[in-house]
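These are a colleague's notes for someone opening this structure for the first time. Please read them with the structure in view.

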Amino acid sequence: MYPLRIVETDRDGFDQTVVELWREDEFVGMVFWDGSVPVVQIYPVGDDVHDLELNDLVRVLDTAQRIVDPLAFDEGFVDLSGTGDDWDDEDPSTTTLVTEFDPQAVHRSEDGEGFFPVTVAAAFIRKCEDLGLAVVEMEGFDLVRGRLKGRPGLELMARPQEAASFAEFRSQANDTAASTLAKWPSRQSMVIAFVIQQPDGETVVV
């Protein structure tokens, strides 16, 4: 069973981006924004049916919704200086990281998640390694006119293995994050979101 892939396109009659669903060279359907809700259309193949692996379908539909939904992310920019965010209860290394990089976020969602330019993201990963923190999740978006657009394939997730110490896991996770980021697009609109892990195992959205 071939995995699904998505293709962003502009179609006549649609004001917003349409996401097409493909399996190899076979068109499966499309996702689009219909006024107030995302809609998915699945196209039959003659008298045959599409056998779709459920987890794969959920994965691509989740990504497609983030692309077509104009309300998926908060559109506002936040000036973080003087916001009074309290990091006193966090690991001191996390506090140091946040103090340095919070002002460099070019966008923040309503729940406080930060999005950083690619050039800042590379420095962010290096700083995590210096401070003994691990980058465990990384996701790329395009920020266009204050709106975030999800990009398929620009996701990274690392999870520790039982046999490895945190120091071993941290170095491997950060090396992987740095090498992965270097392969991602470096266009001006690209922004990166991170989740880090502290030595005590706690994960933090920055």
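1. His-107 stands opposite Phe-115 in strand S6, strands being DSSP runs (E, at least two residues) and helices likewise (H or I, at least four), numbered from the N terminus. Strand S5 (residues 107-108) is joined by two bridges to S6 (residues 114-117), and the two run antiparallel; strands are said to pair if DSSP finds at least two bridges between them. Within this hairpin, which has five residues between the strands, Gly-112 takes a positive phi near 100°.

2. This is a predicted model, in which local features need pLDDT of at least 70 and side-chain atom pairs count only at pLDDT 80 or more, whereas totals for chains, interfaces and linings use all residues. Residues are numbered from 1 along each chain as its sequence is written, and side-chain values use heavy atoms, with hydrogens and water left out.

3. S6 also pairs with strand S9 (residues 190-197), in the antiparallel sense and over two bridges, and here Phe-116 stands opposite Ile-192 in S9.

4. An open sheet is formed by four strands in the order S1-S2-S3-S4, with antiparallel pairing. Strand S1 (5-9) and strand S4 (37-42) stand at the edges with a single partner strand each, so one side of each is left without a neighbour in the sheet. S1 and strand S2 (residues 18-23) pair over five bridges, and Glu-8 stands opposite Val-19 in S2.

5. Arg-151 is buried, with a relative accessible area of 16%; buried means under 20% relative accessible area, exposed over 50%, and partly exposed in between, using a 1.4 Å probe and protein chains only. The side chain of Arg-151 makes a polar contact with that of Asp-142 at 2.7 Å, the term denoting a pair of N or O atoms within 3.5 Å of which, within protein, one must be able to donate a hydrogen and the other to accept it, while residues adjacent in sequence count only if both atoms are side-chain atoms.

6. In helix H4, the buried residues include Phe-169, Arg-170, Ala-173 and Leu-181. The face of H4 turned away from its buried side carries the exposed residues Gln-172, Asp-175, Ala-182 and Lys-183. Covering the buried residues are, among others, helix H3 (118-131), strand S7 (134-144), S8 and S9.

Terms used
Contact means heavy atoms within 4.5 Å.
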